[in-house]
Every structure is written in structure tokens, then in C-alpha cells.
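The structure comes first, followed by the notes.

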Amino acid sequence: MRIERLNERNHFVLFGLHWSAYSERIEAAYRRERALFDPANVPNDILAHMGKDIDRLLEAYEVAWEALRWRASRRAHRAVVVEEGALKNAIEHYLGGGQMAAMRGKTEEARDCLLRVADLDPNDTKATNLI
């Protein structure tokens with residue numbers, strides 16, 4: 001399955017993330033995937049059969065990590081893989097979801113939604129004030 005993700009031009013997909021992911025989620029996914037495919041953690045018989053694919057994955061993870069780890073490059077990548085209308089809809093969706101989650105006392109869900117909004121639109125004062 002993960003090998004198939006190499007055909008994607010979307011670095012978020014490579015990590016198994018939605019394109020609205022923010023730095024905390026991206027770093028966690030990067031570390032999880034790197035650890036999973038670290039040659040020291042892969043059994044020798046699998047490494048013998050899939051070593052080249054694993055090397056390709058690890059290389060792709062590094063490229064994706066460099067593209068997504070900083071907000072400016074992440075925004076540039078999003079501009080390529082996400083339509084403008086979808087971006088605006090996501091901001092509204094996550095802002096509303098964050099506000100609703102906060103009212104229900106679901107602080108982690110609210111935080112996740114609001115961090116997504118802040119990453120998608122750093123100028124959105126509603127989200128940054130609620131975080």
C-alpha cells in the first residue's frame with residue numbers, strides 16, 4: 001500500500017495525512033513512517049525482497065518532510081495540490097468544527113480543528129484567538 005503512495009505528487013498522501021495537516025501532525029507521521037521502515041526495524045527476509053522499495057520510500061519521506069516541515073513550503077505545496085475553493089471550504093469547516101468541539105468540552109478535537117485553520121490561514125484571528 002505505501003509503495004503505491006510513491007506515485008502521488010501530494011506529500012500529505014505519502015504520510016497518510018489530509019492536506020490540512022499542521023506541523024505537529026506532519027512530524028508525528030514522518031517519525032512514525034521513518035521508524036516503521038528503518039532498515040534496523042525491518043526483518044532481514046523482508047529487507048532482502050523489498051530493500052529497493054524501502055529505500056525509495058525512505059527517500060520520498062525525506063523529500064516530503066522537507067516540503068512540509070516549514071509553513072511557507074507547506075503552503076506552497078498545498079497551492080499545487082489543493083483547489084482554492086476546497087481550501088476556503090476547509091477553513092470554514094474546521095473553524096466551525098473547532099468552535100462546536102470547544103462548546104462540547106472536547107478540547108483536543110477543538111485544538112486540532114483550530115490548529116488546522118491557523119495553518120491553512122495564518123491571518124485568521126478567530127482561530128488563533130481560540131487556540
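Arg74 is buried, at a relative accessible area of 2% (buried means under 20%, exposed over 50%, partly exposed in between, with a 1.4 Å probe and protein chains only). The model is predicted, so local features need pLDDT of at least 70 and side-chain atom pairs count only at pLDDT 80 or more, while totals for chains, interfaces and linings use all residues. Residues are numbered from 1 along each chain as its sequence is written, and side-chain values use heavy atoms, with hydrogens and water left out.

- Arg74 is found in helix H4 (helices are DSSP runs of H or I with at least four residues, numbered from the N terminus).
- Leaving out residues up to four places away in sequence, Arg74 touches Phe12, Ala21, Ser23, Ile26, Ala67, Leu68, Arg69 and Asp119 (contact means heavy atoms within 4.5 Å).
- Helix H4 (residues 71–81) packs against helix H6 (residues 107–120) at about 85°, with the axes 10 Å apart (axes are lines fitted to C-alpha atoms over the stretch in contact, and angles run from 0 to 180 degrees between N-to-C directions).
- H4 and H6 are therefore roughly perpendicular to each other (65 to 115 degrees).
- On the H4 side, Arg71, Arg74, Arg75 and Arg78 meet Ala118, Asp119 and Leu120 of H6.
- By class, this contact of H4 with H6 has five charged, two nonpolar and no polar residues (Asp, Glu, Lys and Arg count as charged; Ala, Val, Leu, Ile, Met, Phe, Trp, Tyr, Cys and Pro as nonpolar; the others, Gly among them, as polar).

**The largest pocket**

- The largest pocket holds about 170 Å³ of space (a pocket is an open set of points on a 1 Å grid over the protein atoms alone, where a 1.4 Å probe fits, with protein on both sides within 12 Å along at least five of seven lines; lining residues have an atom within 4 Å of a point).
- Its lining includes Arg75, Arg78, Glu83, Glu84 and Asp121, as well as Leu87, Ile91 and Leu120.
- H4 and helix H5 (84–103) each supply at least two residues of this lining.
- By class, the lining has five nonpolar, five charged and no polar residues.

**Asn10 and His11**

- Asn10 sits in the segment before helix H1 (11–14) and is buried at 12% relative accessibility.
- Apart from neighbours within four places in sequence, Asn10 is in contact with His77 and Val81.
- His11 lies in H1 and is buried at 19% relative accessibility.
- Not counting residues up to four places away in sequence, His11 touches Val63, Ala64, Ala67, Leu68 and His77.
- His11 and His77 are 66 residues apart in sequence, and their C-alpha atoms are 8.1 Å apart.

Note on methods: Angles under 35 degrees count as roughly parallel, over 145 as roughly antiparallel, 65 to 115 as roughly perpendicular and the rest as oblique. Grid points are joined across faces, edges and corners, and a volume is the space filled by probe spheres set on the points.
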